[in-house]
Amino acid sequence: MRKADIVVPVKAVGYAELTDAQRDLIDSARSAAKRAYAPYSHFSVGAAVLLDNGEIIEGSNQENAAYPSGLCAERTAAFYAHSRFPDARFSAIAISAIGTDGQPLENPISPCGACRQSLLEYEKLAGAGVSVLLDGKDEIFILPSVSSLLPLAFTEF
């Protein structure tokens, strides 16, 4: 038997430590979260995808009484980004959740499994790691790729 450890590299930084481009992406995700439709969970999430053409595409979670007919912010942003700019490749994604006070949550949140798998396909399409920024009030986690969120992913597609 062989034991293997999976190590996920994560940088924890403050907002002021981000580059201008990273701050723009976080700000876009925070803005998108304010447009979430979350009357059932009251959990508002926003995502912003940076494309290699410089465009930032935002998405927010959209709930529906006919659960699970809603859609997470990450997939809303990703699907819209690719449908609007099918030739552009993803460079980065930022994800932010806000409380009922309109402020970012204390701790960063990460995408659900369905979003991780969906984002992984866009990373494969990009042919390179898509940086992931997970927003929190005092700390932002930066991961080098979507695959670092899903280390044993199904990738035979």
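Which element gives the most to the lining of the largest pocket? I took this question to the structure, keeping in mind that the model is predicted, and I found that helix H2 gives the most to that lining, with 3 residues.

**Entry on the pocket.** I looked up the volume of the largest pocket and noted about 420 Å³. The pocket is lined by 20 residues, and I wrote down those closest to its centre, which are Asn 61, Glu 63, Tyr 67, Leu 71 and Cys 72.

**Entry on helix H2.** I then turned to H2 itself, which runs over residues 73–84, and I noted that its 12 residues reach 16 Å from the first C-alpha to the last, close to the 16 Å expected at 1.5 Å a residue. Which residues of H2 are buried? I listed Ala 73, Glu 74, Arg 75, Ala 77, Ala 78 and Ala 81, and I noted that the buried residues of this helix pack against strand E2 (44–51), strand E3 (56–60), strand E4 (90–98) and helix H3 (113–126). When I checked how H2 is placed on the strands, I found that H2 lies across E2, E3 and E4 and runs at about 140° to E3.

**Entry on helix H1.** For comparison I looked up helix H1 (residues 20–33), which lies across E2, E3, E4, E5 and E6 and runs at about 145° to E2.

**Entry on the sheet.** In what order do the 6 strands of the open sheet stand? I read the order as E1-E6-E5-E4-E2-E3, with mixed pairing. Strand E1 (11–13) and E3 stand at the edges, and because each has a single partner strand, one side of each is left without a neighbour in the sheet. I also noted that the twist averages 20° from one strand to the next.

**Entry on strand E5.** With E6 (residues 140–143), strand E5 pairs in the antiparallel sense over 3 bridges, and here Val 132 stands opposite Leu 143 in E6. With E4, by contrast, E5 runs parallel, the two being joined by 4 bridges, and Ile 95 stands opposite Leu 134 in E5.

Are the side chains of E5 buried or exposed? I found that Ser 131 and Leu 133 point one way from E5 while Val 132 and Leu 134 point the other way, and that all of them are buried, which here means under 20% relative accessible area.

Conventions:
Residues are numbered from 1 along each chain as its sequence is written. This is a predicted model: local features need pLDDT of at least 70, side-chain atom pairs count only at pLDDT 80 or more; totals for chains, interfaces and linings use all residues. Side-chain values use heavy atoms; hydrogens and water are left out. The expected span of a helix is 1.5 Å times one less than its number of residues. Buried means under 20% relative accessible area, exposed over 50%, partly exposed in between (1.4 Å probe, protein chains only). Contact means heavy atoms within 4.5 Å. Two strands pair if DSSP finds at least two bridges between them. Axes are lines fitted to C-alpha atoms, for helices over the stretch in contact, and angles run from 0 to 180 degrees between N-to-C directions. On a 1 Å grid over the protein atoms alone, a cavity is a set of points where a 1.4 Å probe fits but cannot get out, and a pocket is an open set with protein on both sides within 12 Å along at least five of seven lines; lining residues have an atom within 4 Å of a point. Grid points are joined across faces, edges and corners, and a volume is the space filled by probe spheres set on the points.
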